[in-house]
Amino acid sequence: MKKLLLIITIFATLITGCTNKTTDMVLEDSYYDSSLVTFEAIDPKIVQSVKKRFNNNGLLECEIVLKSKSAINLSYKVDWLDEQGFVLRNAIDDRYKNIRLNSNRELIINKLAQDQRAKSFKIHLTSKGTK
């Protein structure tokens with residue numbers, strides 16, 4: 001009986017070790033994957049959800065919903081990533097944009113990739129350098 005249990009455990013370990021693990025969020029899913037957002041001097045709890053999808057033209061779209069208990073000034077930037085995780089540079093999303101997040105109000109940021117090679121993204125949020 002112990003040998004059978006050992007064999008089953010080894011077999012289960014081998015199967016589990018061979019499966020592909022991905023850290024990206026599933027398309028069209030409202031599951032919030034924290035690896036998609038970086039924070040600098042900001043409480044991560046302001047992020048309510050992060051979503052992504054490919055539109056009919058094959059371009060990646062992302063949406064981030066923010067909400068805070070108090071009013072804060074933020075800056076954000078989106079880096080579009082290719083299949084291997086390299087940043088695709090473009091003039092539109094290269095600089096930080098300043099926004100005001102009012103207390104107890106949702107703010108939705110929608111962005112569209114300019115390059116069909118974009119397969120994922122990273123959103124950078126900071127309160128440093130905002131006015």
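**A walk through the structure**

Let's start inside: the largest nonpolar core holds 23 residues, and V47, I64, L66, W80, F121 and L125 touch the most other members. Strand 2, strand 3, strand 4, strand 6 (97-101) and strand 8 (120-126) are the elements that give two or more residues to this core. A nonpolar core here is a set of buried Ala, Val, Leu, Ile, Met, Phe, Trp, Tyr and Cys residues joined through side-chain atoms within 4.5 Å. Buried means under 20% relative accessible area, exposed over 50%, and partly exposed in between (1.4 Å probe, protein chains only). In soluble globular proteins, nonpolar side chains tend to be buried together.

This is a predicted model, in which local features need pLDDT of at least 70 and side-chain atom pairs count only at pLDDT 80 or more, while totals for chains, interfaces and linings use all residues. Residues are numbered from 1 along each chain as its sequence is written, and side-chain values use heavy atoms, leaving out hydrogens and water.

Now look at the strands, which are DSSP runs (E, at least two residues) numbered from the N terminus. Three of them form an open, antiparallel sheet in the order 2-3-7. Its edge strands, strand 2 (47-54) and strand 7 (106-112), each pair on one side only. Two strands pair if DSSP finds at least two bridges between them. Strand 3 (residues 60-67) and strand 7 are joined by seven bridges, and K111 in strand 7 is the bridge partner of C62.

The largest cavity has a volume of about 40 Å³. A cavity is a set of points on a 1 Å grid over the protein atoms alone where a 1.4 Å probe fits but cannot get out, and its lining residues have an atom within 4 Å of a point. Grid points are joined across faces, edges and corners, and the volume is the space filled by probe spheres set on the points. V78, D79, W80, V87, L88, R89, N90, D93 and D94 line the largest cavity. Strand 4 gives the largest share of this lining, three residues.

Finally, visit two loops. Most residues other than glycine have a negative phi. A41, in the loop between strand 1 (37-40) and strand 2, has a positive phi near 60°. A41 is exposed, with a relative accessible area of 53%. N104, in the loop between strand 6 and strand 7, also has a positive phi, about 55°, although N104 is not a glycine.

Terms used:
Helix = DSSP H or I, 4+ residues; strand = E, 2+ residues; numbered from the N terminus. 1 Å grid on protein atoms, 1.4 Å probe; cavity = no way out; pocket = protein on both sides within 12 Å on 5 of 7 lines; lining within 4 Å.
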